[in-house]
Amino acid sequence: MRVVIKVGSSSVTDSKGVIDQGTLLELIKQMAALMSKGHEVVLVSSGAISAGLKSLGFRERPSDQVTLRAAAAVGQGQLIATYREILAKYQVEAAQLLMIPGDFADRSQYLHARETLSKLLELGVLPVINENDALSNEQLRYGDNDKVAALVANLIAADHLVLLTDQSGLYSADPRHYEEASLIEEVEEVNAELLEIAGAAGTERGSGGMASKLLAAKMASWSGVMSTIASAKEPEVVLRVVEGEEFLGTKVLARPRRLSARKLWIAFACPTSGEILVDKGAKEALMVNGGSLLPAGVVAVKGTFESGSAVSVTTEDGDCFAKGIVQMPSEDVLALRGVRSKDLTGRPYLEVIHRDDLVLLL
Ligand SMILES: Nc1ncnc2c1ncn2[C@@H]1O[C@H](COP(=O)(O)OP(=O)(O)O)[C@@H](O)[C@H]1O
Ligand SMILES: N[C@@H](CCC(=O)OP(=O)(O)O)C(=O)O
């Protein structure tokens with residue numbers, strides 16, 4: 001099995017921000033055991049900012065991005081040193097990969113990353129991935145390793161994505177505030193209702209809370225990868241999840257059809273710059289006939305965007321059913337809205353969104 005294991009800041013570091021050697025030792029021991037049985041393992045580890053802030057003497061998390069980036073640069077070195085030290089006990093080498101959104105968005109970078117990861121797995125190395133926090137800028141970063149882990153799972157066509165956190169899985173309400181909340185054991189489809197109950201913010205040290213884990217599990221599901229959200233502190237959790245133990249954490253099932261990496265990126269990772277409202281006929285053409293979005297079906301445009309931007313596609317009553325990359329800027333979409341293709345002859349563009357750049361979200 002090919003497994004991507006993501007460990008959140010709330011487990012990598014303790015409540016003071018110190019790297020939690022005990023937890024990491026336990027987890028690495030299990031990963032090494034899996035590797036020795038022939039499984040391929042990729043680790044996505046958070047915790048750089050939290051560990052760096054602690055070393056630099058910050059008692060609270062500052063809000064300014066430059067300090068956080070500097071802290072990440074300090075903490076990342078400590079993280080990798082810790083992993084290397086523990087892995088040495090099992091004669092396993094660690095490899096550090098610091099990724100940015102462009103590594104998944106740009107096709108050649110994507111293939112590059114896949115080649116490197118595949119080679120590392122072939123060499124029996126444990127890749128340890130984090131986002132390149134030290135040099136990222138707010139506009140060009142995920143800020144969320146759950147998403148990075150889901151994209152990696154898609155990239156290497158993993159069999160299982162394991163998201164380890166400080167809770168036993170997804171509860172019917174935030175267990176930090178509702179004692180009576182119960183664990184949801186299986187999720188077939190990540191829908192708005194589930195995202196709502198996972199919506200509360202995460203821990204001080206973590207970033208996205210349970211909602212970002214659910215969104216990551218949704219991405220994985222659309223990539224044909226099954227996910228488990230479980231507690232990093234659960235004894236032998238990694239081994240038990242990979243061995244297929246039932247009733248452990250929250251399992252999010254894989255969809256039978258895999259979405260391509262590019263479409264996955266468009267759907268979940270690419271920020272939306274605007275909205276295109278379309279009529280019923282256009283929705284049917286996209287949903288049923290698998291067509292491209294043509295100017296004839298456009299009713300209105302919200303926001304200003306450039307050609308190549310991602311936009312959401314909605315019905316007139318606001319139901320968002322697709323997302324895609326536009327082939328023309330917003331002013332052209334607006335100018336051409338309602339114009340039928342036969343009247344567009346001689347125009348430079350015929351499609352607002354090409355089929356290959358369009359993802360249906362239903
Ligand atoms: N419905 C829910 N079920 C479980 N946890 C939830 C839920 N809603 C919010 N949370 C919170 O999400 C937190 C985990 O998210 P986060 O702090 O980002 O973790 P990590 O650092 O492991 O990525 C939990 O501590 C929990 O309080
Ligand atoms: N890349 C950041 C962590 C970002 C993140 O996703 O945090 P978490 O929600 O704890 O997994 C770091 O290493 O500090």
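Which residues does UniProt list for "binding site" in the unreviewed entry? I began with that record, which gives Lys-6, Thr-165, Asp-166, Ser-207, Gly-208, Gly-209, Met-210, Ala-211, Ser-212 and Lys-213; UniProt positions are in the numbering used here, feature names are shortened, and annotations may be inferred rather than shown by experiment.

**Ground rules.** I am reading a predicted model, in which local features need pLDDT of at least 70 and side-chain atom pairs count only at pLDDT 80 or more, while totals for chains, interfaces and linings use all residues. Residues are numbered from 1 along each chain as its sequence is written, and chains are lettered from A and ligands numbered from 1 in the order in which they are written.

**Confidence.** I noted a mean pLDDT of 92 for the protein chain, with 96% of its residues at 70 or more; pLDDT is the predictor's confidence in each residue, from 0 to 100. For the complex, the predictor gives an ipTM of 0.97 and a pTM of 0.88.

**Sheet.** I traced an open sheet of eight strands with mixed pairing, in the order β3-β4-β2-β1-β5-β7-β8-β6. Its edge strands, β3 (94-99) and β6 (186-187), each pair on one side only. Here helices (H or I, at least four residues) and strands (E, at least two) are DSSP runs numbered from the N terminus, and two strands pair if DSSP finds at least two bridges between them. I then followed β2 (residues 40-45), which runs parallel to β4 (residues 126-131) and is joined to that strand by two bridges; Val-44 stands opposite Ile-129 in β4. Helix α7 (residues 145-155) packs on this sheet, touching β1 (2-7), β2, β3, β4 and β5 (160-165), and its direction makes about 175 degrees with that of β1. Contact means that the C-beta atoms of two residues, placed from the backbone, lie within 7 Å, and the angles, from 0 to 180 degrees, are taken between N-to-C directions of lines fitted to C-alpha atoms, for helices over the stretch in contact.

**Second annotation.** The "binding site" annotation in the unreviewed UniProt entry also covers Ser-46, Asp-133 and Asn-145. These span 100 residues in sequence, yet no two of their C-alpha atoms are more than 10.6 Å apart, so they gather at one spot. I found Asp-133 in the loop between β4 and α7, where it counts as buried with 25 C-beta neighbours inside 10 Å (buried means 20 or more other C-beta atoms within 10 Å, exposed 12 or fewer, partly exposed in between, with C-beta atoms placed from the backbone). Leaving aside neighbours within four places in sequence, Asp-133 is in contact with Ala-48, Ile-49, Arg-69 and Ala-72. Asn-145 lies in helix α7 and is buried, with 29 other C-beta atoms within 10 Å; not counting residues up to four places away in sequence, Asn-145 touches Lys-6, Val-44, Ser-46, Asn-130 and Glu-131.

**Helix α9.** Returning to the opening list, I placed Ala-211 in helix α9 (residues 209-222), where Ala-211 is buried with 21 C-beta neighbours inside 10 Å. Twelve of the 14 residues of α9 are buried, so this helix is largely enclosed by the rest of the structure. What covers its buried residues includes α7, β5, α8 (192-197), β7 (226-231), β8 (250-252) and α11 (261-269). After α9 comes Gly-224, whose phi is positive, near 80 degrees.
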